[in-house]
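Please consult the structure while reading.

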Amino acid sequence: MTRMPVSKLPATGTTIFTRMSALAADSGAINLSQGYPDFPPPDGLVEALARASRDGFNQYAPMAGLPELREQLAEQLRRHRQVNVDPGDEITIVPGATEGIFCCVMACVHPGDEVILLDPCYDSYAPAVQLAGGMPVHVALAGTDFAVDWNAVEAAITPRTRMLMINSPHNPTGSVLGRQDLEVLSQLAERHDLLVSSDEVYEHLVYDGRQHYSALQWPALRQRAFVHYSFGKTFSVTGWKTGYCVAPAALTAELRKVHQFVAFVAVTPVQKAIADFLQQQPDYPLTLAQRYQEKRDLFIEALAGSRFRLQASAGTYFQLLDYSAISGLPDYQLCEDWTREYGVASIPISVFYQQPPAQSLLRFCFAKSDATLLKAAELLCKI
């Protein structure tokens with residue numbers, strides 16, 4: 001008999017996003033579970049992709065990414081974050097932020113190292129740590145606004161702590177870290193000599209006058225952080241699976257050692273298209289917040305007659321709905337039942353925790369057409 005391998009991720013199955021999207025398709029339900037838009041990307045970007053392919057940008061790009069794209073991204077960071085980075089040694093184009101996060105963990109986390117994760121945390125973080133031989137240490141976000149309890153974070157730090165992983169704007173809760181949060185993080189990271197992985201893929205989707213603060217804007221974090229971004233979120237092209245990672249030269253060099261053996265390069269014509277589009281429309285990302293806030297507000301207003309309770313999402317394109325006044329059943333059961341019965345698919349929040357939370361919450365994606373959001377809200381109001 002063939003010897004079966006011992007699983008490196010014995011507790012990990014198919015992701016909740018895959019399962020719920022499949023259930024939505026099988027049930028004919030409106031899919032507000034997986035986070036992708038149902039509307040087209042900018043015309044100029046699609047045209048740039050076709051042009052790039054016609055013009056011959058169809059072979060391997062340099063491993064770190066097309067120089068013209070990295071130059072445009074350095075300009076974006078100067079323009080929108082007032083941060084100067086070296087496009088040659090500090091920016092790496094990756095096939096999606098998830099790959100960049102995986103590579104930074106594999107590059108820096110050694111067997112026995114501890115990595116602090118803030119629950120609820122995106123589902124790729126802990127498996128990356130485990131595959132590197134590290135130990136995930138979970139600290140729950142606090143209260144109904146999902147604030148970071150920095151005292152609890154510091155209490156979780158030990159001599160074996162190697163890295164702290166943050167995510168703002170935060171998926172799945174929609175919370176946003178403030179200036180004071182980054183100040184405290186900067187002090188903690190410097191005092192305990194920690195590396196930081198900062199997932200900022202929803203950087204341009206912040207609402208109600210809030211501001212996104214990047215780890216790149218704090219000198220102490222700038223020297224020890226990997227900061228991850230996604231073109232899929234910014235340009236409504238999640239299927240293009242392209243993002244980038246910014247880190248100081250020494251950390252970038254280590255990330256690239258892993259990246260070259262995981263994916264080697266990101267897709268060349270996509271890189272060229274994004275570079276050309278950003279050169280032509282450098283302020284396009286600044287148009288996103290108002291557009292998505294209008295969608296959030298439309299969805300919330302349409303739910304006014306429902307039995308759900310909510311706090312308006314501060315960022316991302318996700319809205320949490322509290323169903324505690326409707327049912328006492330577990331969220332993972334309700335999201336499946338309601339997908340079949342009422343025709344709207346969502347994501348249960350408990351799957352992002354090590355210890356199930358007290359809240360009764362489901363996550364809904366509002367990166368959808370107005371008609372889709374209104375129809376979904378109409379169905380949810382029947383519950």
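Axes are lines fitted to C-alpha atoms, for helices over the stretch in contact, and angles run from 0 to 180 degrees between N-to-C directions. Helices (H or I, at least four residues) and strands (E, at least two) are DSSP runs, numbered from the N terminus. The model is predicted, so that local features need pLDDT of at least 70 and side-chain atom pairs pLDDT 80 or more, while totals for chains, interfaces and linings use all residues. Residues are numbered from 1 along each chain as its sequence is written, and side-chain values use heavy atoms, without hydrogens and water.

Q: At roughly what angle do the axes of H3 and H11 cross, and how is the orientation classed?
A: The axes of H3 (residues 67–81) and H11 come within 8 Å and cross at roughly 40 degrees. Angles under 35 degrees count as roughly parallel, over 145 as roughly antiparallel, 65 to 115 as roughly perpendicular and the rest as oblique. The two helices H3 and H11 are therefore oblique to each other.

Q: Which residues of H3 meet H11?
A: Contact means heavy atoms within 4.5 Å. On the H11 side, the residues are Gln271, Lys272, Ile274, Ala275, Leu278 and Gln279. Their partners in H3 are Glu68, Leu69, Gln72, Leu73 and Gln76.

Q: Is the crossing of H2 and H11 left-handed or right-handed?
A: The axes of H2 (residues 43–54) and H11 (residues 268–280) come within 8 Å and cross at roughly 130 degrees. A crossing is left-handed if the near helix is turned anticlockwise from the far one by less than a right angle, and right-handed if clockwise. H2 passes H11 in a crossing that is right-handed.

Q: How many aromatic pairs does the count come to?
A: Rings of Phe, Tyr and Trp (its six-membered ring) pair if their centres lie within 6.5 Å; planes under 30 degrees apart count as stacked, over 60 as edge-to-face and the rest as tilted. By this rule, the count of aromatic pairs is 20.
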